[in-house]
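Hi,

Here is the structure I promised to pass on. Have a look at it first, and then read my notes below.

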Amino acid sequence: MIKIKGGICAPKGFMAWGTSCGIKAGGQKDLAIIVSEEMCDAAAIYTKNKVKGAPLMVTKEHLADGKARALICNSGNANTCAPGGYDLAKETCRIVADGLGVRPEDVVVASTGVIGESLSIDNFEYGIPELIENMSAGEKASHEAALAIMTTDTVPKEEAVEFEIAGRKCHIGGIAKGSGMIHPDMATMLSFITTDVRISPELLYDGLKECADESFNQISVDGDTSTNDNVIIMANGMSGCEEIKGEEGYEIFKEALREVMVTLAKAIARDGEGAGKLIECLVVGAPDNETARAVSKSVISSDLLKAAVFGGDANWGRILCAVGNSKGEFDADNIDVDMGSETGMVAVCRGSAHEPYSEERASQILAEQDIKIKVDLNQGDGQAVAWGCDLTYEYVKINGDYRS
């Protein structure tokens, strides 16, 4: 498996584009399209927030048969708790379908942005024809789409890999958005993934869910689960490989999918609103992987720890507090903690007690942008990784005037 360029257009047969349709002020890109030359098997996972955006409802309906041909996404308005939101999402799919000559049921839709504000179909009637006219394959097309789905993101998020199954070259590409309101429980972040393998919707869903549990469900910026979180994957089979059924091909596919999703998840955590540092927490020695996932996410979700990392304070007591607050049954009397960065690691806790260390050395380590925390529960083989970011003054500023 190798990393390649091209994002969502790296797999064969996929085209994309992004444009401005007037939802955002100042001509910012706010509408993206992804289209496959062939019908795709497709699957999705969605937020577990009880309040869900209208686009999610429509996408669930349209994916009931496990098929999709195109995806349309706007940014700047979530179309959630908004007047006529469901009908607008349906009409948006119809406009795309008419322009492509496909069924409206074969178009899926997503939105992200401000909740509770009305959205006009006029924006889509204006922007969708331009998208269809300009959509193309290649790196630039993926980049345009990645830009168009951003809200408070500071950078677009794209990834693609190439791998082989039975001697055939295959590809997976993805884009994502997310910076604030990030604490996915899926199954405001979105991710769209394309692949040219041939695989059933059922296996697609199983692989997507498994990889999400190790990627998007292992990140947090602020502890808020969005109303619009979803991840959609489309597979058109245009690589020419045989349909993935056997365990060997499926494992290769999942390894590549996991690589794409983990890379995008880390990019979201790194780009957290106002963030200056990425926090990675590795938990080992847990009774099982599920417990390790819960502990690692609890650590990177702790506001107290996030603030300490922002200030360069090796306050390991906050790490143990977060460990103790996590779900799962485990002994908390023999926990080891190390903190580090590219400049090295320092042991700060052994056996759930203070381990003498140099405060000066710890401050040097925590001054870096990528902070690593290792927690060893010393009671099993379970392990997991989670990613978050520091909590800064800028986060409050961004969210204090989000609608201004």
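You'll find C81 in the loop between strand 4 and helix 2. Its phi is near 55 degrees, a positive value in a residue other than glycine.

Before going on, some ground rules. This is a predicted model, in which local features need pLDDT of at least 70 and side-chain atom pairs count only at pLDDT 80 or more, while totals for chains, interfaces and linings use all residues. Residues are numbered from 1 along each chain as its sequence is written, and side-chain values use heavy atoms, with hydrogens and water left out. Helices (H or I, at least four residues) and strands (E, at least two) are DSSP runs, numbered from the N terminus.

T152 sits in the loop between helix 4 (139-148) and strand 6 (157-165). T152 is partly exposed too, at a relative accessible area of 22%. From T152 to L63 you count 89 residues in sequence and 29 Å in space, C-alpha to C-alpha.

Look next for an open sheet of six strands, in the order 13-12-11-14-10-15, with mixed pairing. Two strands pair if DSSP finds at least two bridges between them. Strand 13 (353-354) and strand 15 (382-389) are at the edges with a single partner strand each, so one side of each has no neighbour in the sheet. Helix 7 (residues 289-301) packs on this sheet and touches strand 10, strand 14 (370-376) and strand 15; contact here means heavy atoms within 4.5 Å. The direction of helix 7 makes about 20 degrees with that of strand 15. Strand 10 (residues 278-286) and strand 15 run antiparallel, joined by seven bridges.

A buried strand

Strand 2 (residues 14-19) is largely enclosed by the rest of the structure, because six of its six residues are buried. Strand 2 runs antiparallel to strand 3 (residues 31-46), with six bridges between them. Among these pairs, F14 has S36 of strand 3 as its bridge partner.

Helices that pack

Axes are lines fitted to C-alpha atoms, for helices over the stretch in contact, and angles run from 0 to 180 degrees between N-to-C directions. Angles under 35 degrees count as roughly parallel, over 145 as roughly antiparallel, 65 to 115 as roughly perpendicular and the rest as oblique.

Helix 1 (residues 54-62) has A54, P55, L56, V58, T59 and H62 as its buried residues. Their cover includes strand 3, strand 4 (67-77), helix 2, strand 5 (107-114) and strand 9 (230-235). Helix 1 and helix 2 pack at about 50 degrees with their axes 8 Å apart, and are therefore oblique to each other. Helix 1 brings A54, P55, M57, V58, E61 and H62 to the contact, and helix 2 brings G85, Y86, A89, K90 and C93.

Helix 2 (residues 85-100) also packs with helix 3 (residues 121-134), at an angle of about 25 degrees and with the axes 10 Å apart. These two helices are therefore roughly parallel. Residues of this contact include L88 and I95 of helix 2 and F124 and I128 of helix 3.

Finally, helix 5 (residues 201-212) and helix 6 (residues 247-270) pack at about 45 degrees, with their axes 9 Å apart, and are therefore oblique. Among the residues that meet there are L204 and L208 in helix 5 and F253 and L257 in helix 6.

Conventions: Buried means under 20% relative accessible area, exposed over 50%, partly exposed in between (1.4 Å probe, protein chains only).
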